[in-house]
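Welcome, and please open the model in your viewer.

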Amino acid sequence: MSQELNIPKAKRLEVCLTPALIPLYKVENYIVVIIDIFRATTSICYGIENGAEAIIPVSQVEECSAYREKGLDYLLAAERDGEIVTGFDFGNSPFSYTKEKVAGKTIVLTTTNGTHALHLSRQAKKIVIGSFINLTAICNWLKQQNENILLVCSGWKNNFNLEDTLFAGAVVEQLKDSGFRVDDPATAANDLYHVAKDDLDKYLKKTSHSERLKALGIEKDIAFCLNVDLTTAIPVLDGDKLVKLQ
């Protein structure tokens, strides 16, 4: 009787194009990378780089404000539709996450899209945060993990968006030759990246969210979010807090 060959299954590298599609994946079988380029995951990476002790992501504004009653010395950050929610310390502009403001602090954060996607992914084996500012660092780390990887695009209110998909494509570009089996959304994201990579800023001027941010007078946030490799910090979810991966 012939013995069955013990051939290991290839690791999967997949892209979830919107949080609305997360229920189609068994996230417990993946390391999940949360992507919200404009602006939550960029700001989280920058805050952790600049010495924030932890960032606590919560889904609802009410959850964020509830921390005020706990009497803890936390900074409270809330954003909806691109604007700071009245009564909070700041929103999700990366320029709010400088060393002077966040070093040694714990921040409670809720955003329109990024924290929503994170909470839908909480059953994952591990959750890390990706942005252009930590692109190479997170790709190098992912290559070392012997796990399936799901890149979750936060989109805009459960819809597809260009900027998160483009970043997913940039990750696929670095990982696709490292023994992963790539799905169709990952291939599409990678193809999109090849269209845009020579001038990310010009291409992403097409995005609806950049138009929303420009209307709010914060074009500088858009430009900042497209910087590549400003940090090697990788935020990872530890319990209910995002902290620096050691």
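Which residues of helix α2 (residues 61-69) are buried? Select Val61, Cys64 and Tyr67: these are the buried residues of α2. Buried here means under 20% relative accessible area, exposed means over 50%, and partly exposed lies in between, with a 1.4 Å probe and protein chains only. Helices (H or I, at least four residues) and strands (E, at least two) are DSSP runs, numbered from the N terminus.

Before going on, a word about what you have open. This is a predicted model, in which local features need pLDDT of at least 70 and side-chain atom pairs count only at pLDDT 80 or more, while totals for chains, interfaces and linings use all residues. Residues are numbered from 1 along each chain as its sequence is written, and side-chain values use heavy atoms, leaving out hydrogens and water.

**Around α2**

Turn the view to look down the axis of α2: its buried residues fall within an arc of 115°, so they line one face of the helix. That arc is the one spanned by the directions from the helix axis to the C-beta atoms. An α-helix has 3.6 residues a turn, so residues three or four places apart point the same way.

Now select Glu62 and Glu69, which are exposed on the other side of α2. Next, show β3 (54-57), β4 (75-80) and β6 (106-110), which are among what covers the buried residues of α2. Then click on glycine 71, which follows α2 and has a positive phi, near 70°.

- Select phenylalanine 38 and arginine 39: a cis peptide bond joins them, with omega about 20°. Arginine 39 sits in the loop between β2 (30-35) and α1 (40-49).
- Move to aspartate 81, in the loop between β4 and β5 (83-84). Its phi is positive, near 55°, in a residue other than glycine. Aspartate 81 counts as partly exposed, at 40% relative accessibility.
- Go on to lysine 157, in the loop between β8 (148-153) and α6 (162-175). Here phi is near 50°, again a positive value in a residue other than glycine. Lysine 157 counts as partly exposed, at 48% relative accessibility.

**Zooming out**

Of its 246 residues, 55% count as buried. The C-alpha atoms fill a box of roughly 70 × 40 × 30 Å, taken along the principal axes.

Technical notes
Contact = heavy atoms within 4.5 Å.
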